[in-house]
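Trainee: I have a structure to look at and would like to learn how to read it. Where do we start?

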Amino acid sequence: MKPTNKKAATPDAMQAWEDFVEQQVYPVPGAKAKEDYRNYDKPARDTVRDFYQQNHRYQSFDFVQQKREEYLKLDRKRLSVFDALDFLNTLVDDSDPDIELDQLQHLLQTSEAIRTDGHPDWFVLVGLLHDLGKVLCLFGEPQWAVVGDTFPTGCEYSDRIVYHEFFAANPDFDNTRYNSRLGVYQKNCGLRNVQMSWGHDEYLYHVLKDYLPEPALYMIRYHSFYAWHREGEYDWLCDDHDREMLSWVQNFNPYDLYSKSPQPPNWQELRPYYTGLINKYLPTELSF
Ligand SMILES: [Fe+2]
Ligand SMILES: [Fe+2]
């Protein structure tokens, strides 16, 4: 893999959402969130608004079921991790001159920050892999079906989800089968039995589920489930195992959000270390 000199490697709505989450909704602990995220500068604000409008409108129980059927057979592509990283890094948007990080840099900065703090090697590997599911964009999925906060479908949408008001346009919003607190679920049924909104987290979990330790899989599967890991919502769907795993998901989150380093990691120098790490846990090729 060649390190890219590309300035902008992320479609603008995706980057705008990531900046929004980091700066407006969940700033570094101790820092103050901007007073009102709805004052987010134009045009980034509009991009983020439009993004959530579509995401909340279309992520219904039926939509998710359809996407699961479409993708979870994992019969699209067989890729090594390096090929998948390369493939992901072809996500380019030249319309936004302000984006500094390509996808690979974000992954490497996350994994290097985890490594610097002395965590187990599989935790470092999570840093490197956690956004690989964004290859969904390259399979033609719109950004609102790839990134953004994730949340349970098939039950009431928590009002702690950002831009909650846009759920009013979701077909499930007025459907009595889905709009009670438990909806189609049993109390404390466990998150594994809950159909989360469709995106890169759930997808990558299925790609990797046979290979990584349980806490690693939780970090991957629920890293965008902010309503749970930041807001403390949806405990009524969790079982004791979820509660036990929650702290791992919370441990991972700051590395994802705040690990941008002024000195970008050098991929060529780091490549031997990561090759060893990938070979330790993963097969030569993964099914996407
Ligand atoms: Fe992510
Ligand atoms: Fe990330």
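**Reading the model**

Mentor: Start with confidence: pLDDT is the predictor's confidence in each residue, from 0 to 100. Residues 1-9 keep a pLDDT under 50, and the model gives them 25 contacts beyond four places in sequence, two residues being in contact if their C-beta atoms, placed from the backbone, lie within 7 Å. Residues 93-100 also have a pLDDT below 50, with 16 contacts in the model beyond near neighbours in sequence. Where pLDDT is low, the predicted coordinates should not be read in detail.

Trainee: What is the mean pLDDT of the chain?

Mentor: The mean is 88, and 86% of the residues reach 70 or more. This is a predicted model, in which local features need pLDDT of at least 70, side-chain atom pairs count only at pLDDT 80 or more, and totals for chains, interfaces and linings use all residues. Residues are numbered from 1 along each chain as its sequence is written, while chains are lettered from A and ligands numbered from 1 in the order in which they are written.

Trainee: How many residues of helix H8 are buried?

Mentor: First the terms. Helices (H or I, at least four residues) and strands (E, at least two) are DSSP runs, numbered from the N terminus. A residue is buried if 20 or more other C-beta atoms lie within 10 Å of its own, exposed if 12 or fewer, and partly exposed in between, with C-beta atoms placed from the backbone. In H8 (residues 200-208), 8 of the 9 residues are buried, so this helix is largely enclosed by the rest of the structure. Its cover includes helix H3 (61-71), helix H6 (121-129) and strand E2 (286-287).

Trainee: Which residues have the most contacts inside the largest nonpolar core?

Mentor: A nonpolar core is a set of buried Ala, Val, Leu, Ile, Met, Phe, Trp, Tyr and Cys residues joined through C-beta atoms within 7 Å. The largest one here has 70 residues, and Trp-17, Val-126, Leu-208 and Ile-220 have the most contacts inside it. Leaving aside neighbours within four places in sequence, the contacts of Ile-220 include Val-126, Leu-204 and Leu-208.

Trainee: Is Arg-243 buried or exposed?

Mentor: Arg-243, in helix H11 (residues 240-258), has 11 C-beta neighbours inside 10 Å, so it counts as exposed.

Trainee: And where is Pro-171 found?

Mentor: Pro-171 is in the loop between H7 and H8. It has 13 C-beta neighbours inside 10 Å and therefore counts as partly exposed. Its C-alpha atom is 6.8 Å from that of Ser-60, although the two are 111 residues apart along the chain.
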